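Colleague: I have some questions about how the terms are applied here. Please set each value against its definition.

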Amino acid sequence: MASAKSGDTVKVHYTGKFEDGTVFDSSEGKDPLLFHLGKNEIIPGFEKAIIGMEPGEKKTVEIEAADAYGEPRKELVQKVEKKHLPKDLTPEVGLQLQIGEPKDGVVVTITEIDDETITLDGNHPLAGKKLIFNVELSEIVS
């Protein structure tokens, strides 16, 4: 049986958890994740885990932040005066906003609110976190 290698298109079932066991994402009950190995379509640690697997094989892999979404970057956190927000926006901690055009913009999360400002964080919500994945290589697509 062939094993997955760079250049292959694969289908993978997965469950992603934090170190405390909390599930943050899963393909359970859905179609498997389809991606191309070697095309940087997914986080590096996930891709490395799939290379060498055979269809039907299952394993658990721990991915450090550096091989996932990286460490949080301070320069991606900014305070913005509330007066610059759209008038119809009611800011709430945890609310995600699109800044710029959909294809070129970035998604930021409101992390703090005070009387005059809000703090926007442009880091990926999983930045700085160790991720644990249970993966199963469903298929190598020809």
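Modeller: Start with β7 (residues 106–113) and β8, which run antiparallel and are joined by 4 bridges.

Colleague: What makes β7 and β8 a pair?

Modeller: Two strands pair if DSSP finds at least two bridges between them. β7 and β8 have 4, so by that rule they pair. A hairpin through 3 residues joins β7 to β8. This is a predicted model, where local features need pLDDT of at least 70, side-chain atom pairs count only at pLDDT 80 or more, and totals for chains, interfaces and linings use all residues. Residues are numbered from 1 along each chain as its sequence is written, and side-chain values use heavy atoms, without hydrogens and water.

Colleague: Which strand is joined to β8 by 5 bridges?

Modeller: β5 (residues 77–81), also antiparallel to β8. There, V77 has D121 as its bridge partner.

Colleague: Why is β8 called largely enclosed?

Modeller: Buried means under 20% relative accessible area (1.4 Å probe, protein chains only), exposed over 50%, partly exposed in between. In β8 (residues 117–121), 5 of the 5 residues are buried, so the rest of the structure largely encloses the strand. T117, T119 and D121 are buried on one side, I118 and L120 on the other. For the chain, 32% of the 142 residues count as buried.

Technical notes. Helix = DSSP H or I, 4+ residues; strand = E, 2+ residues; numbered from the N terminus.
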